[in-house]
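Good morning, and thank you for coming.

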Amino acid sequence: MFKKILIGIAVLLFVASSVWLGYYFYNKANTDQTEYTTEIPFTTVIIKKTVATGSIVPRREIMVKPQVSGIIEALYVEAGQTVKAGQLIAKIRVVQNLSGKNNDMRSINSAENQLEVSKVNLNNALIELERQKKLLEQKMISQQEFNRFQLDYNLQKEAVANGDRNLNLIRQNALQNSGQVSNDIYSTIDGVLLDVPVKVGSSVIERSNFNEGTTIASIADMQSLIFEGK
């Protein structure tokens, strides 16, 4: 009897396991298969853009200042006009110093000292320019950084030329017997007049070691621009 019971239980377990296995394989066979998509490789260009606020300004801007103090007698240009190097901009009526020869000598000495300082600055700028040129050839600095030293050298060169003209004008002024002489102001570079802040009849002050002088015109080379970003 006990043997029959064990056989019955074994049969029931076999039937149950067979039903479960059948159900399991039925569900697995009817389960949705995972679908995979494929893409064809291609070549393209990826561009990443960054927006930076700022302004476009001229790389080179020159302030034209008088070599002697006086009164604007005539203006030959206006803002927005294109000028060439050496073009006449204005004429100044120079009033002779009332203190006579002593003031003349002080002016000459001051102009000579300023010219010597400009020559020293030019020599230093040349030495630094040569050093930076070697670094540029070794690709240790960028072209834009080298251009800064080139610009500084050009400005120092112009300062020496202006100082030399200033000294000659003061020496000529000291030789005048009359109370008044004329002084012409010329553009030092090719460019566009950004501003002419003086008018006929305005008093102007010469540039010296102690005074920046009155700006007669600001000129910019609009052929060379840079972007100043914030």
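Four strands form an open sheet in the order β2-β9-β7-β4, with antiparallel pairing. β2 and β4 (82–83) are at the edges, each with a single partner strand, so one side of each has no neighbour in the sheet. This is a predicted model, in which local features need pLDDT of at least 70 and side-chain atom pairs count only at pLDDT 80 or more, while totals for chains, interfaces and linings use all residues. Residues are numbered from 1 along each chain as its sequence is written, and side-chain values use heavy atoms, with hydrogens and water left out.

Some terms are needed here. Helices (H or I, at least four residues) and strands (E, at least two) are DSSP runs, numbered from the N terminus. Two strands pair if DSSP finds at least two bridges between them.

Which strand pairs with β2 over four bridges? It is β9 (residues 217–220), in the antiparallel sense. Strand β2 (residues 61–64) has a covered face with Ile62 and Val64, and an uncovered face with Glu61 and Met63.

Is Glu158 buried or exposed? Glu158 is buried, because its relative accessible area is 15%; buried means under 20%, exposed over 50%, and partly exposed in between (1.4 Å probe, protein chains only). Beyond its neighbours within four places in sequence, Glu158 is in contact (heavy atoms within 4.5 Å) with Arg60, Ile62, Thr188 and Ile189. Ile62 also belongs to the covered face of β2.

Let us consider two further residues. Val11 is found in helix α1 (residues 2–30), and Val11 counts as partly exposed because its relative accessibility is 44%.

Lys139 is in the loop between α2 (101–137) and α3. What is the phi of Lys139? The angle is near 60°, a positive value in a residue other than glycine. Most residues other than glycine have a negative phi. Lys139 counts as exposed, because its relative accessibility is 76%.

Thank you for your attention.
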